[in-house]
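Biologist: I would like to learn how to read rings, cores and helices in a model like this one. Could you take me through them?

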Amino acid sequence: MKIILGGYLAIILVGTMLLALPIASRGPGGTPVSDCFFTATSATCVTGLIRYDTFTHWTLFGQLVILAMIQVGGVGFMTVAILVMVYTKKKITLSQRSLMQNSISAPQIGGIVRMTKFIAKGTLAVELAGACLLAPWFIPRFGVGKGIYFSLFHAVSAFCNGGFDLMGGTTGEYSSLTGAAGDWYVCTVIMVLIVLGGLGFFVWHDVIEHKFHIGRFELQSKMVLSISAVLILAGAAALAALEWEGTLFADMTPLQKIHGSLFQSVSVRTAGFNTVDLAGLKEGSLFVMVCLMFIGGSTGSTAGGIKTTTFWVLCISILATFRRKKNIEMFGRRMEEGITRTASCVFMTYLLLTSAVSVIISAVEDLPLLTAMFESVSAMATVGLTLGVTPSLGMLSKLLLAFLMLCGRVGSITMLLAFSSEKRVTNSRLPLEKVQVG
């Protein structure tokens, strides 16, 4: 676990040094190291929270460094390491295979190298396909060379759920995709890329292997696909209902409002792109988005959050308790014992960390608690959406958000195990005594 954490830290440090070079930024004197560190952490952890607008502040060199970190952070540094070893004909040890299994949350260690190749080929294919679909929209607006570059950058950023964009030079700094708010084509392509990246590599493999024979899918694939569909539709319905007559979708047709709600529901859980000004959100909408960000994407994907399967397990365990069932069952299958404890650990770790950081940022920066919570959950869930306060945060707040981004990308369980003692637990059992809860 320490190796996984150390690998991400190494990438962040290398990225920080590269971004600190004078050739990485447009202005004289370079960029402060603290801001380079924050940007490198955000890119490696595929979050999207930024101190400076990506296009107007960073040069082509700086943008390519950010893009490389997004790519490595999206597929995972262990995936890249194993691929290098495979193509250089180096022997992959059992411990390295075990690290790869932990890094991508693989269900078993067998076939891990084959799965790594599938992840690499699938990622490349989807990103190239996304770039080809985005090119007809970008090329007429920016020319052939710049249009192709923009298409590739946004395809990688969307699929890896990075949230970084290059639209600052066209529609204003920190504008994200607000300039394409009424364009269903480009928003739909971005949405599809976000969803594919957020479903997880093992769900892809299951769908490709069994085609549309849903009955043959693994339990995890069924859970991921079902809860993802529910969250996307429920989130879109909630945002549309809350903001239909508000300023968020002002001057939009009913169809554009529905499409805009759907885009934000997809993006808010994983990616961090936005087509509307989030500063105009009602408090109810902010709370809905915080909840969606907290849940995030799926296990083994490019997304963050507590993960859809964790949320699903907690919901099913509540129903099992109401029905006085001993086992947690779903889709005709019984889940392993102890999964509720693991899910509860993930949930409470995320909740405690984001709550503590939210309170600190709110006090230090003199911000409303809900605003601070929005930024904190966005960082921990590696979403990258902001209400516009991230660029003006102080040093302490930047470090806290960077810590949350790292926790969110590496995983709360991995972080806990990395800092926990490796001493073996004795087999002795203490006396039993019942405690009433609830």
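Predicted model: local features only at pLDDT ≥ 70, side-chain atom pairs only at ≥ 80, totals over all residues.

Biologist: Is F150 buried or exposed?

Modeller: Buried means under 20% relative accessible area, exposed over 50%, and partly exposed in between, with a 1.4 Å probe and protein chains only. F150 has 1% relative accessibility, so it counts as buried. Residues are numbered from 1 along each chain as its sequence is written, and side-chain values use heavy atoms, leaving out hydrogens and water.

Biologist: How are the rings of Y149 and F150 arranged?

Modeller: Rings of Phe, Tyr and Trp (its six-membered ring) pair if their centres lie within 6.5 Å; planes under 30 degrees apart are stacked, over 60 edge-to-face, and the rest tilted. For Y149 and F150 the centres are 6.0 Å apart and the planes at 70 degrees, so this pair is edge-to-face. The rule gives 14 aromatic pairs. One of them joins F142 and F150, tilted at 40 degrees with 4.8 Å from centre to centre.

Biologist: Which residues form one aromatic cluster?

Modeller: The members are F55, W137, F138, F142, Y149, F150 and F153.

Biologist: And which charged end sits over the ring of W137?

Modeller: The test asks for NZ of Lys or CZ of Arg within 6 Å of the ring centre and within 35 degrees of the ring normal. R141 places its charged end over W137, 4.0 Å from the ring centre. R26 does likewise over F55, at 5.2 Å.

Biologist: How many residues does the largest nonpolar core have?

Modeller: In soluble globular proteins, nonpolar side chains tend to be buried together. A nonpolar core is a set of buried Ala, Val, Leu, Ile, Met, Phe, Trp, Tyr and Cys residues joined through side-chain atoms within 4.5 Å. The largest one here has 111 residues, and I190 and F374 have the most contacts inside it. Helix 7 (residues 112-142) gives this core its largest share, nine residues; helices are DSSP runs of H or I, at least four residues, numbered from the N terminus.

Biologist: What does helix 14 pack against?

Modeller: Its buried residues include L286, M289 and F294. With contact meaning heavy atoms within 4.5 Å, the buried residues of helix 14 pack against several helices, among them helix 12 (219-243) and helix 16 (339-365). Helix 14 is followed by G296, with a positive phi near 75 degrees.

Notes: Helix = DSSP H or I, 4+ residues; strand = E, 2+ residues; numbered from the N terminus.
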